[in-house]
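Please walk a new reader through this structure.

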Amino acid sequence: MRDRDLNILIGGEAGQGLVTVGQILSKSLVRKGYSIVVTQSYQSRIRGGHNSFAIRVGVDEVIAPRKSVDLLVALNGDTVIQHRDHLSPEGLVILDDSFGLSGDSFLKVPFSELSEKRFSNTVAIGVAGAIIGLDENLMAGTLDYYFGKKGASLVEKNRDALVRAVKWATENSISGFMLPDFSNPPRRLMMNGNEAISLGALTSGLRFCAFYPMTPSTSIVLNLAGHAERAGIIVEQAEDEIAAINMAVGASFAGAPSMVATSGGGFALMVEGVSLAAMTETPIVIVVAQRPGPATGLPTRTEQADLEFVLHSGHGEFPRAIFSPGTIEECFHLTRRAFELAERYQGPVFLLTDQFLADSYRAVTPFGIDQLSSIRAGEQASETSNYARYAITENGISPRLLPGMTEHLVVADSDEHTEEGHITEDLTMRKRMVEKRRRKERGMRSEVVPPDLVGEEDADLLLLSWGSSKGAVTEAASLMRSDGLNASTLHFSQIWPLVPENFMDILRQAEKVICIESNATGQFARLIRRETGFNIEEKVLRYDGLPLTPEYILREMNR
Amino acid sequence: MVTIDDYGKYETAWCPGCGNFSISEAVKKALVERQLAPHQVLFVSGIGQAAKAPHYLNTNLFNGLHGRSLPVATGVKLANPGLTVLVESGDGCNYGEGGNHLLAVIRRNVDLTLLVHNNQVYGLTKGQASPTSAGGFVTKAQPLGVPSEPFNPIAVAVAMRAGFVARAFSGRIEHLSEMIQQGIAHRGFALIDVLQPCVSFNKVNTFAWYDKRCYALPHDYEPDDWESAMKVACEWGDKIPIGVIYRNNRPSFESHFNVLKDGPLVSRKVDKTRLKDIMKAYG
């Protein structure tokens with residue numbers, strides 16, 4: 001299998017540049033046409049500690065992280081100690097001979113002979129790249145992509161280090177890790193979940209994004225900020241998350257499609273604003289990139305424990321939709337769907353991701369931007385009639401007009417209001433408005449993304465999952481099928497509204513159902529029971545801050 | 001020709017004698033003086049008796065959450081800088097619940113006019129202390145008297161070199177209306193702190209109390225001089241200055257965004273050619 005599927009782990013301390021090493025190797029692999037799944041594991045600190053960047057690379061599509069490591073690239077001695085036990089049989093540790101560590105599977109590289117210390121990361125790239133068969137020119141091109149802006153002399157010195165490293169590795173002829181070449185490599189992009197969300201948002205017509213930095217959501221807005229001038233949008237760092245969501249609601253009310261991105265604690269501060277968007281019927285897309293809580297929790301690790309929180313966020317009763325992308329492609333397409341629903345139903349729509357997916361680089365086929373339909377700003381009122389912002393309608397959707405864009409006046413209120421938007425305590429009107437808002441949920445239910453079934457409908461074993469674990473669960477089931485087991489997966493990329501007709505038959509037909517989630521209490525299983533009465537006894541749960549892997553799922557199931 | 005009738009007449013939820021009535025009258029006068037038609041104006045308000053004021057005005061309105069009107073207004077202004085945006089709410093809303101937003105909006109210098117109805121007490125929740133209540137002010141919630149010192153919004157705004165800082169008194173409608181007009185005309189953030197009596201819950205700072213103390217700054221007062229403005233900002237007690245206390249010409253927040261030079265965000269279309277370029281960067 002190692003000739004088609006390799007797991008490379010780069011380890012070191014914060015500040016050593018291991019992410020750059022990882023990105024350059026990953027991009028080189030993607031440019032060559034391979035499929036990758038990156039898992040980033042880092043500590044909440046700027047210097048020191050232990051971080052890792054794992055690249056699982058495949059000639060065929062890889063969809064999940066893997067625990068066992070084939071090539072361990074150790075930028076410090078601690079990495080060897082931390083990960084030696086995860087080395088696969090015949091795995092190799094690439095390390096600096098100056099670490100003074102020895103072992104059977106150690107490839108001790110004379111880093112200091114090959115370059116100055118400040119280019120040792122490039123040496124690591126060169127040695128590891130040469131061992132897996134990456135062409136020197138390809139790696140040099142990627143180095144330029146990352147270091148090109150830093151000046152010709154630096155580019156030159158990096159190239160020099162790369163050439164020496166490749167030469168050294170070639171002379172030492174390390175075999176057994178060479179990935180086969182492609183005759184016709186597919187053109188791919190390297191993108192992580194957060195990048196795909198920002199690109200999806202831009203293609204949806206996003207115009208305004210406000211944020212307060214919070215790991216692991218921050219890179220969404222950093223991406224948007226980097227493209228802001230070219231894309232014609234404004235990204236504003238707010239004084240706090242409360243301001244961020246209120247700014248976004250204001251911009252959206254005025255007519256600029258808006259988004260906020262945060263994580264658990266920051267979202268806790270935004271919650272009153274969620275209720276405001278619902279009451280004022282203002283479209284807004286809210287990305288919650290989960291990390292382990294409670295409170296500050298583990299800021300840089302992953303978890304899926306905010307499903308119930310997001311589902312119930314905001315006081316009062318109002319419709320909402322929650323998407324839980326499972327792949328990078330879904331991050332892109334479901335972000336677009338979120339904007340579509342927010343604009344159509346005029347209210348809050350959520351994207352629930354997590355640190356694993358946010359930071360997980362993958363190879364993706366370029367999105368056909370020309371073919372994407374444009375997302376319209378919901379239903380617009382005609383300019384001739386008398387305008388009432390909250391006109392009571394059959395489907396609950398009140399046509400919009402934008403303030404200042406016509407002579408009609410637009411009045412929105414967080415208090416209960418009349419059709420014209422003015423504060424009221426007329427209790428008959430109150431009841432009609434509650435019902436009007438609720439009718440929008442009927443529309444949302446009619447267009448939910450149904451869960452994705454892989455395998456037979458009448459499985460002996462059905463694995464139920466949602467969000468970022470899609471790849472791990474799919475691969476686990478596929479491994480079980482190779483062992484002759486009739487295992488299927490049912491994955492939810494939209495977890496609210498739930499429409500039981502879309503999946504109850506599959507649940508009932510399965511001999512046994514196991515729910516797989518990255519949390520300690522089985523929140524999705526509980527939601528299924530609440531909505532359908534179907535009780536899922538067996539669960540595979542993970543809440544140590546690391547992502548689900550096929551190995552973890554299989555091991556837990558065999559307990 | 002915009003007239004006072006364009007802004008309508010409404011029944012209110014206010015107590016007879018409330019300072020809000022005069023403030024609303026001054027607002028209407030100012031809008032008419034500046035010949036702004038109702039659809040060109042957008043009010044953002046928070047929660048409280050003052051925050052209801054824009055409901056009694058025939059114009060665009062976003063009546064949001066308690067304390068959060070400034071960020072909403074900032075979002076509105078960035079999305080459509082063509083709108084004349086006014087924010088109207090009370091002392092609790094702007095100086096208490098939304099205090100952080102006040103600091104931030106001053107730093108940004110967003111082109112907004114903030115009218116703070118400052119009656120030194122919470123009206124809608126029936127008489128608790130507000131951030132501007134005097135130390136020792138007795139309420140049912142503070143039966144032994146307010147143990148904190150009052151917030152001085154003018155001094156804070158001047159210290160932060162806010163674009164336009166003024167104080168007015170609801171009892172002097174012409175002057176108040178003039179302050180509002182100047183605030184609207186100012187290209188940047190304008191704070192107008194409006195002293196007003198609360199006839200139901202503040203028996204200390206009454207109409208007569210303010211009327212006796214408020215004096216207009218002399219004609220030769222120079223609001224461009226920051227140091228003298230700091231002194232005037234700290235005046236409070238037997239004499240309370242009203243008028244434009246400080247002013248400068250810092251560029252407005254919106255003027256920093258090149259993106260807005262091509263028109264408001266609300267009118268922009270998705271440019272697929274540029275997006276394809278952006279996507280290429282991930283290759």
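## A hairpin and its sheet

In chain A, E2(A) and E3(A) form a hairpin, with six residues between them. The model is predicted: local features need pLDDT of at least 70, side-chain atom pairs count only at pLDDT 80 or more, and totals for chains, interfaces and linings use all residues. Residues are numbered from 1 along each chain as its sequence is written, chains are lettered from A and ligands numbered from 1 in the order in which they are written, and side-chain values use heavy atoms, with hydrogens and water left out. Helices (H or I, at least four residues) and strands (E, at least two) are DSSP runs, numbered from the N terminus.

Strand E2 (residues 35–41) of chain A pairs with E3(A) in the antiparallel sense, over seven bridges. Two strands count as paired if DSSP finds at least two bridges between them. Thr39(A) has Ala54(A) as its bridge partner in E3(A). Strand E1 (residues 5–14) of chain A also runs antiparallel to E3(A), joined by nine bridges. There, Ile10(A) stands opposite Phe53(A).

How well covered is strand E3 (residues 48–58) of chain A? Mostly: ten of its eleven residues are buried. Buried means under 20% relative accessible area, exposed over 50%, and partly exposed in between (1.4 Å probe, protein chains only).

## His83(A)

His83(A) sits in helix H2 (residues 77–83) of chain A. His83(A) counts as buried because its relative accessibility is 9%. Leaving aside neighbours within four places in sequence, His83(A) is in contact with Leu9(A), His50(A), Ser52(A) and Leu72(A). Contact means heavy atoms within 4.5 Å.

## Domains and cores

Chain A is divided into domain 1 (5–171), domain 2 (191–367) and domain 3 (452–557). These bounds come from an automatic or database domain assignment. The C-alpha centres of domain 1 and domain 2 of chain A lie 32 Å apart. Across that pair, 16 residues of domain 1 of chain A are in contact with eleven residues of domain 2 of chain A.

The largest nonpolar core has 103 residues. A nonpolar core is a set of buried Ala, Val, Leu, Ile, Met, Phe, Trp, Tyr and Cys residues joined through side-chain atoms within 4.5 Å. Helix H9 (residues 241–254) of chain A gives this core its largest share, nine residues. At least three residues come from each of domain 2 (191–367) and domain 3 (452–557) of chain A. A second, separate core of 50 residues includes Leu18(A), Val21(A), Val30(A) and Ile125(A).

Phe492(A) is among the residues with the most contacts inside the largest core.

## Where the chains meet

Strand E2 (residues 60–63) of chain B is covered on both faces. Asn60(B) and Phe62(B) are buried on one side, Leu61(B) and Asn63(B) on the other. Strand E15 (residues 411–413) of chain A pairs with E2(B) in the parallel sense over three bridges. Leu61(B) is the bridge partner of Val411(A). Strand E1 (residues 41–45) of chain B also runs parallel to E2(B), joined by four bridges. Val44(B) stands opposite Phe62(B).

Why is helix H4 (residues 99–108) of chain B largely enclosed by the rest of the structure? Seven of its ten residues are buried. Among them are His101(B), Leu102(B) and Arg108(B). The buried residues of H4(B) pack against elements of both chains, including strand E9 (234–237) of chain A and helix H2 (69–79) of chain B. Asn109(B) follows H4(B), with a positive phi near 65°.

## Of its 36 lining residues, Val19(A), Gln23(A), Ser219(A), Leu222(A) and Tyr361(A) are the closest to its centre. H8(A) gives the largest share of the lining, six residues. On a 1 Å grid over the protein atoms alone, a pocket is an open set of points with protein on both sides within 12 Å along at least five of seven lines, a cavity is a set where a 1.4 Å probe fits but cannot get out, and lining residues have an atom within 4 Å of a point. Grid points are joined across faces, edges and corners, and a volume is the space filled by probe spheres set on the points.

The whole structure has nine cavities of 30 Å³ or more. The largest cavity has a volume of about 60 Å³. Strand E3 (residues 84–90) of chain B gives the most to its lining, with three residues.
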